[in-house]
Amino acid sequence: MSAATAQRALLRLASSAFKKTQDSSTPHGPKSKVLLNPEPKRDEHKEIVDLELGKIIALTDKGTWARSLYTNLVDVSEINAFLESIDEYDTVLKRWLNLPETASRPKEETLYQPIVTIINSILKRFVLSDGEGGELLREAIDTHKTNLPHQAQDPTNLQSRPDVSIKARGSSFQEPRSKPGHPRLTVGFSNMSSLVEVKVEKSETSLKDQHLQVAVYVRQIFIQQPNRQFVRVLLLTEQNARLYHFDRSGGVYSPDFDFHKEAHTFIRLVVGLNSLDEATLGLDVSIKWTVKHGRKKAVNASEPAVRSIGLLQQVTQYFEIRGPASQCWSVVDPGTGTQYLVKDCWRVDDRVPEYEHLEAAQGLPGVVQMVSFEANRGETKGFRSPFDITHFDFYNRVADRVVMNSYGETITKFRCPMELLYALRDAIAGHMELYMKQLLHRDISTENIVLGRKDPDSEPEQGCWGMLIDLHMAIDVGRPGPSKDWKIGARLYQSIAVLLTCHYPRIKLAQDHLDDLESFFYVYTYIIYGYDESGFPYPVHSTLLEWMREAPLSAANNKVAFLIRRNVPQSISSRWPKPCIDLLAAYRKFLLPFVLQKRELIETELENKDEEIEIIMDGIDEQYDAVLDLFTQAIEALKALENTPPAEDVGRKANRFRTPPREPEPPVPDAGPSETRNLKRTLDEYPEEVPEAKRVDREEVEDVQES
């Protein structure tokens, strides 16, 4: 049996298993409906956080969990002695004296300084102050007028102002970066152990808005302290306290309690939420930085799975609270100097661990290779009250860590068109290899395709110019049913069928290999529209913004229109050599019949839906071959156009076909093809051997394309 015949047999075997078991996809959560805005206003930001988090669970334990926390940190006798010794508390009245009573209808701004004073008195008594120069290792600061900068996936000017921030010093904290021309910030989300939101008892702010305001702050703590496992904060009024807890399963809050009468509980919470023990704070202590002059300079980690390693830098970040929180670190073995990639992830406990998929992928070209793993490093249910882990909105998540061979940066760091095409072709070939192992990736994005070269002077192995990483969302095509976890993925790269199943949640149509091949197309489109041939980035194009921001149905319709559209704006096509633009057009033409057929299956009640799906799936080997051939043809055309060296010399001689970076052009409105440089072929010029989805009228498709 030839290699091609064996490959065809394996693909069809996997396709057959898929058809028998996959009648529905993993459910899509409401986050899929969020309307994104690069610079959301305050209410818009709350809406985004609301949709990301889902329901913040209300504990109905009458305060039992809050009272049970941190009892081992401070003895009752110590608390009694403290309360007797300070002027701020009256042990007879059982009241913090510097706070006004509710009957006086205090204003919120009158509460900030008294609360800061109370918290600092607790910290000075129960938290050591042995920092450099006698500085407090924990200190409450009034920040209700201080703009603390946010971090986001894209550059942002967003800021917010927690009422009281507890500044922390230690191996997991660093001072925030101040903007040029602005005063130096000494406290920010990157160096606070906790915070306090302040309200008055008769506040006009709704309970939900209070939750979301706290969540906006907590989200930034998770982002700017990447080794956070959970965050706990307090909301205080002049009379009552409320405890919030957030982890990768979402959020929960306690009933309000009178922190005057229950001063012991309040003091223990202040001490525990700001403990010098970073594990108590909810930090992963297997990762530690060396901090010099307030900034993190080096990182070290010690884990059984990775021995003792030096962490060079964080490669990927996670920008939400709830979810897998996949984060990658570039590391080096100090003994051998070998670089590795370490990935931390919180999976829903019913999902197959990523390390099992990586074990199945051992030896596959174009797919990341695992070195070792450490399973079950923690569970979110272990951080929570036993009263809320049975709630129907709670999904327990388990922490896993995998160590993988190190590769290059993400595919958006390509240096030339040739490297881009080789990388995408090899990543798609790797996807096919995975499918022959009966694994479907399901989360194709620019972040999950990395370059095979480790440094500018290195060459990747044959077939490994581009590598697929992050198999967290992968499924065994023969699995018995979907996970209860939300299948989210990045909206920008979701296929039209996936978007439509978000809009029509009752539709049972599983995500398949064609959806992933469509996602590869959107990765390529994102790069063509967002960069030039040298890898120089441009502002996000309006077409891509529509895909990122729209509700699922609108995004799906916009993508259909894009696939039908014949032209590429001249402002885009002029930045790339002709073979790259031709590839975009040919890839479009390949996808369109399948997209239209799957849309019909979703939007109409066809009696023979299963038969139609089977017809589509039966062509799986031809479909992969067609897409790979498109890239091979484009590579050969690029070689001919630029007289480039052979593939094995691309990494060593990339500068021979690299276009020097140039200054960004001002935004140009979409335009039709240039009259002097038509970079696109007519519909009749595309290769006829590209297979089409069966039972779709070619004339109907061409009529749509011509319109």
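Visitor: Which residues have the most contacts inside the largest nonpolar core?
Guide: In this predicted model, the largest nonpolar core has 99 residues, and its largest share, 14 residues, comes from helix H16, which spans residues 578-603. Leaving aside neighbours within four places in sequence, Phe520 is in contact with several residues, including Leu424, Ile444, Leu468 and Tyr587. The residues with the most contacts inside this core are Phe520 and Tyr587.

Visitor: Are helices H5 and H7 roughly parallel or roughly perpendicular to each other?
Guide: Helix H5 (residues 112-126) and helix H7 (residues 263-273) pack with their axes 10 Å apart and at an angle of about 70°. Angles of 65 to 115 degrees count as roughly perpendicular, and H5 and H7 are therefore roughly perpendicular.

Visitor: How many nonpolar residues does the contact of H5 with H7 have?
Guide: On H5 the contact is made by Ile118, Ile119, Ile122, Leu123 and Phe126, and on H7 by Phe266, Ile267, Val270 and Val271. By class, the contact has no polar and no charged residues, and its nonpolar residues number nine.

Visitor: Is Tyr70 buried or exposed?
Guide: Tyr70 lies in the loop between helix H3 (64-68) and helix H4 (76-85), and its phi is near 60°, a positive value in a residue other than glycine. Buried means under 20% relative accessible area, so Tyr70, at 9% relative accessibility, counts as buried.

Visitor: Is Arg105 buried or exposed?
Guide: Arg105, in the loop between strand E3 (95-96) and H5, has a positive phi of about 50° although it is not a glycine. Because exposed means over 50% relative accessible area, Arg105, with 61%, is exposed.

Conventions:
Residues numbered from 1 in each chain as written. Predicted model: local features only at pLDDT ≥ 70, side-chain atom pairs only at ≥ 80, totals over all residues. Heavy atoms only, no water. Core = buried A, V, L, I, M, F, W, Y, C linked by side-chain atoms within 4.5 Å. Buried < 20%, exposed > 50% of the residue type's maximum accessible area, 1.4 Å probe, protein only. Helix = DSSP H or I, 4+ residues; strand = E, 2+ residues; numbered from the N terminus. Contact = heavy atoms within 4.5 Å. Axes fitted to C-alpha atoms, helices over the stretch in contact; angles between N-to-C directions. Parallel < 35°, antiparallel > 145°, perpendicular 65-115°, else oblique. Nonpolar A, V, L, I, M, F, W, Y, C, P; charged D, E, K, R; others polar.
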